[in-house]
Every structure is written in C-alpha cells, then in structure tokens.
Amino acid sequence: MTHLITYFSHSGNTKKVAEIILEKARKADIDIVCKEVNNVSEEDIINAEKVIIGTPVHGLILFAQHAAKPARDFVKALPEDLQQKEFFLFATYLFFPSNALIGIERTIQEKQGKVKNYVAMHRKKKEELAQAVFELISS
Ligand SMILES: Cc1cc2nc3c(=O)[nH]c(=O)nc-3n(C[C@H](O)[C@H](O)[C@H](O)COP(=O)(O)O)c2cc1C
C-alpha cells in the first residue's frame, strides 16, 4: 500500500506545498506518489491507503470560499466506495480560508471515505503547511 498526494495549483503555491510534503515523506521512507489531479489514474486511487488532496482556496475574498473547481471535480469523480481510505485535505489561501474544505470533505464522506483531518494556511507559510500535513499523515 502506498499513499497518494494529489493537488490542483493554478499559480504554483499548492504544488510547492505538495512537493515539500513529498520530499519529507520520502526522507521518512514513506511509500508515496505525488500527481496533479488530472494525472491521477484509477489504479493510483485503488493502490492508495491515504489520499492527501491539496487545493487553493477560491471564492469571493471574504465569502463563498471553496476548493478550486478541478479539485472539486476530482473528488466528485472518485469511486463511490471509499471505505478503506483515509483522506487528508490541505489548502493555501491569500486572504481568508473560511471553511473552504468542507464541501470536498462532505463529498468524500458521502462516498464513505474518512476525512481524518484538514488544514489551511496562508500561501506564504508553505513549509509550515507541509510540515503540518506531514505530521498528520505520519501519525
Ligand atoms: C480565482 C481565484 C479566487 C481566489 N479566491 C480567494 C478567496 O476567496 N480567499 C482567499 O483567501 N484567497 C483566494 N485566492 C487566492 C488563492 O487561494 C491563493 O493565492 C493560493 O495560494 C493559490 O494557490 P495556487 O498558487 O496553488 O493556485 C483566489 C485566487 C484565485 C485565482
């Protein structure tokens, strides 16, 4: 069993965090792959014990925050039976994260997946966010 980090990133912040998580996990000998949401195959999902999903916060600055559409579409397209999988969500933002990750959390829960935790941090705090996610997945 391996773990999968997958992300959508429009301008590189979320991608950078995903790459730092990957580096930390590999150093800790965790079997893990990292792919952009559009490059994830059915097999990647089947093989993953833990799925880590990264997205920027999109919205109208102070309200209507949500995960970016490609990340929402990825979650919607996941198989219906996610019982065996644990999910960890992370987001980068610029102004205010609100509860941007709740929508994708609900979609995963509707498919019986377990969302173990989620965390959002300002896009300046890439190292801190990557460390927080790394600690969540390795605990
Ligand atoms: C279309 C769009 C909408 C955004 N809406 C918000 C928002 O509502 N709240 C916020 O804090 N940041 C918002 N941002 C900023 C991004 O969340 C932030 O820059 C993020 O780190 C971008 O990640 P990326 O470089 O991986 O695309 C928005 C960015 C874009 C492009």
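**Close-up views of a predicted model**

**Figure 1. V133 and the residues it touches.** Leaving out residues up to four places away in sequence, V133 touches I21, I52, F88, F90 and V119. Here, touching means that the C-beta atoms of two residues, placed from the backbone, lie within 7 Å. Remember that this is a predicted model: local features need pLDDT of at least 70, side-chain atom pairs count only at pLDDT 80 or more, and totals for chains, interfaces and linings use all residues. Residues are numbered from 1 along each chain as its sequence is written.

**Figure 2. The largest nonpolar core.** This core has 38 residues, and I21, A71 and V133 are those with the most contacts inside it. A nonpolar core is a set of buried Ala, Val, Leu, Ile, Met, Phe, Trp, Tyr and Cys residues joined through C-beta atoms within 7 Å. A residue is buried if 20 or more other C-beta atoms lie within 10 Å of its own, exposed if 12 or fewer, and partly exposed in between, with C-beta atoms placed from the backbone. Among the elements that each supply at least two residues are strand 1, helix 1, strand 6 (114-122) and helix 5 (126-138). Strand 5 gives the largest share, six residues. Helices (H or I, at least four residues) and strands (E, at least two) are DSSP runs, numbered from the N terminus. In soluble globular proteins, nonpolar side chains tend to be buried together.

Figure 3. Which residues of helix 3 (residues 69-76) are buried? They are A71, F74 and V75. These residues cover an arc of only 95° around the axis, which puts them on the same side of helix 3; the arc is that of the directions from the helix axis to the C-beta atoms. K69 and K76, on the other side of helix 3, are exposed. The cover over the buried residues includes strand 1 (2-7), strand 3 (48-58), strand 4 (66-67) and helix 4 (102-110).

**Figure 4. The shell around the ligand.** Of the 21 residues around the ligand, S9, N13, T14, P56 and G59 come nearest. A residue counts as near if its C-beta atom, placed from the backbone, lies within 6 Å of the molecule. Helix 1 (13-27), strand 3 and strand 5 (86-93) are the elements that give two or more residues to this shell. Its residues divide into nine nonpolar, 10 polar and two charged. Ala, Val, Leu, Ile, Met, Phe, Trp, Tyr, Cys and Pro count as nonpolar, Asp, Glu, Lys and Arg as charged, and the others, Gly among them, as polar.
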